[in-house]
Every structure is written in structure tokens, then in C-alpha cells.
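Hi everyone, thanks for coming.

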Amino acid sequence: MRLRRIDIVGFKSFRDKMSLEFSEGMTAIVGPNGCGKSNVVDAMKWAMGDMSPKSLRGQSMEDVIFAGSESARPLGMAEVTLTFENDGSAQWDDSIPREFREISEIAVTRRLHRSGDSEYLINRVGCRLMDIQNLLAGTGVGKQGYSIIEQNQVGFIVSARPSERRLLIEEASGITRYKAQRERTVKR
Ligand code: ATP
Ligand code: MG
């Protein structure tokens, strides 16, 4: 699942709409301290369903919404859309419209309003957070994926216990989603 583009509006330091295209090959984001490089990565993690404000370097989830600056007022909503190449590796549940399987791109959107209301969309159609997690599980993208490797994670992988390292292997082998489904079934 290659990420083709990211569209951000109202998320952290990005008050105005900001889009980045990732063409084939390697893309590097460079800029002075505090210009928003890490915020782009936070936006990716958030749109993939990260629910931990701490992991997104904030205190509460609302901290991802543009908080205002000297010249601009705070915004009421943050929105991030990740557009992936539909290469056949996504895991389509029956809850998702069947025709999406045939479209060449998959757009995953997350929105948060200051009121606390959240919205999740796949190809602009409303869905549950769980639908996005299921879609991405086992593709290497997503919350438990290894597509985002942060500085502290390199150390973690080296010093992890076998049981922790196993989680990464489970994701790589594509069984994470079955484990999640099993957990949900057992809970019911
Ligand atoms: P470095 O090179 O130091 O790692 P960076 O380019 O990764 O810097 P970021 O951490 O992405 O920088 O961005 C930090 C900036 O984002 C800070 O100026 C901070 O004030 C701003 N910021 C974070 N959250 C918000 C928010 N909710 N509203 C407005 N600005 C925000
Ligand atoms: Mg940074």
C-alpha cells in the first residue's frame, strides 16, 4: 500500500490546506526546527487511527486541532486524508461498499471537531474507525504497522523482549487482523 498523497487542513501547525505528493522513489522533508516536519508524520499516524494523544505529542486529542497563532484564530476542526494506491493488499470487509475494491486509490479521512465529534471516511463515505483499522491491518500500514519507524522505535526493536518483537512479525505475516477479530469475538 503505497502512500500517494496526504492532504491536511486545520491539523496542528497547518491552518491552511496543505498537500504533499509522494512520487515513486524517496521523498525527504527538510526544513528549520519547528516548521512542521514531525507534524506531517503525526498527521499520518492520526489518520491511520492513532488514539493516543501522547503518541501524537499532545495532552488531549483536541491538541491536534490548529490552536491559533499571533495572526490567526484557532480553528474548530482538523482533517487529514491519506490517499493510498489500491494495490490489492487492503483487507475489504463486507461493511465497505464493494465497488471500492475496483477503484485505483483508497482515501482514508479522519476529522475531529472541537466539540469532540469525530468522523472517519473511506473514499469520502462515512465509516467506523474499526473499518479503517481492519482495512489497513496486515498491510504494514496502520496503527500496529511498521511503516512509521520513529527514533525511539529503533531502540525498541533492538532491545525488545521476544513477545514484543513477535507483534511486529505478526503484522508482517498478516495475522494481526485475525487476532483483533478474535479478540472482538471473544469479548462479545
Ligand atoms: P524539529 O526540526 O525541531 O523536529 P519539526 O519541523 O519536526 O521541528 P514540528 O514538531 O512538526 O516541527 O512542529 C512544531 C510546531 O508545531 C510548533 O511551532 C508548535 O507550536 C506547532 N504546533 C503544534 N501543535 C499545534 C496546534 N495544535 N496548533 C498550532 N500549532 C501547533
Ligand atoms: Mg521534528
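Let's start with the shell around ligand 1: its residues split into 4 nonpolar, 7 polar and 3 charged. That shell holds 14 residues, and those that come nearest are Asn 33, Lys 37, Ser 38, Asn 39 and Ala 67. Please keep in mind that this is a predicted model.

Ile 29 itself sits in the loop between β2 and α1. Is Ile 29 buried or exposed? It has 11 other C-beta atoms within 10 Å, so Ile 29 is exposed. If you want a sense of distance, take Ile 29 and Leu 167: they are 138 residues apart in sequence, and their C-alpha atoms are 29 Å apart in space.

Now the overall picture. The protein has 5 helices and 6 strands. Reading from the N terminus, the order of elements is β-β-α-β-β-β-β-α-α-α-α. The radius of gyration is 17 Å, close to the 16 Å that the globule rule gives for 188 residues, so the protein is as compact as a globular protein of that length. Along the principal axes, the C-alpha atoms fill a box of roughly 50 × 45 × 40 Å. Buried residues account for 24% of the 188 residues.

In what order do the 6 strands of the open sheet run? The order is β2-β1-β3-β4-β5-β6, and the pairing is antiparallel. β2, residues 18-21, and β6 stand at the edges with a single partner strand each, so one side of each has no neighbour in the sheet. From one strand to the next, the twist averages 20°.

Let me zoom in on β3 and its partners. Strand β3, residues 77-85, is joined to strand β4, residues 105-113, by 9 bridges, and the two run antiparallel. Two pairs show how they line up: Glu 79 stands opposite Arg 111 in β4, and Phe 84 stands opposite Ile 106 in β4. With β1, β3 pairs in the antiparallel sense over 6 bridges. There, Ile 6 has Leu 82 in β3 as its bridge partner. As a reminder for reading these pairs, side chains in a regular strand alternate between the two faces of the sheet.

Helix α1, residues 37-47, touches β1 (3-9), β2, β3 and β4, and its direction makes about 80° with that of β3. Helix α2, residues 129-136, touches β4, β5 (118-122) and β6, and its direction makes about 40° with that of β5. Which residues of α2 are buried? They are Asp 131, Ile 132, Asn 134, Leu 135 and Leu 136. Their cover includes β4, β5, β6 and α5, residues 176-187. Just after α2, Gly 138 takes a positive phi of about 85°.

That brings me to backbone angles. Most residues other than glycine have a negative phi. Here we have two non-glycine residues to look at. Lys 12 has a positive phi near 45°, and its place is in the loop between β1 and β2. Arg 124 has a positive phi of about 70°, and its place is in the loop between β5 and β6. What about their surroundings? Lys 12 is buried, because 23 other C-beta atoms lie within 10 Å. Arg 124, with 8 C-beta neighbours inside 10 Å, counts as exposed.

Val 125 is found in strand β6, which covers residues 125-127. Val 125 has 13 other C-beta atoms within 10 Å, so it is partly exposed. Between Val 125 and Thr 27, which are 98 residues apart along the chain, the C-alpha separation is 29 Å.

That's the tour, and I'm happy to go back to any part of it.

Methods:
Residues numbered from 1 in each chain as written. Chains lettered and ligands numbered in written order. Near = placed C-beta within 6 Å. Nonpolar A, V, L, I, M, F, W, Y, C, P; charged D, E, K, R; others polar. Helix = DSSP H or I, 4+ residues; strand = E, 2+ residues; numbered from the N terminus. Buried ≥ 20, exposed ≤ 12 C-beta atoms within 10 Å, placed from the backbone. Pairing = 2+ DSSP bridges. Axes fitted to C-alpha atoms, helices over the stretch in contact; angles between N-to-C directions. Contact = placed C-beta atoms within 7 Å. Rg over C-alpha atoms; globule rule 2.2 N^0.38 Å.
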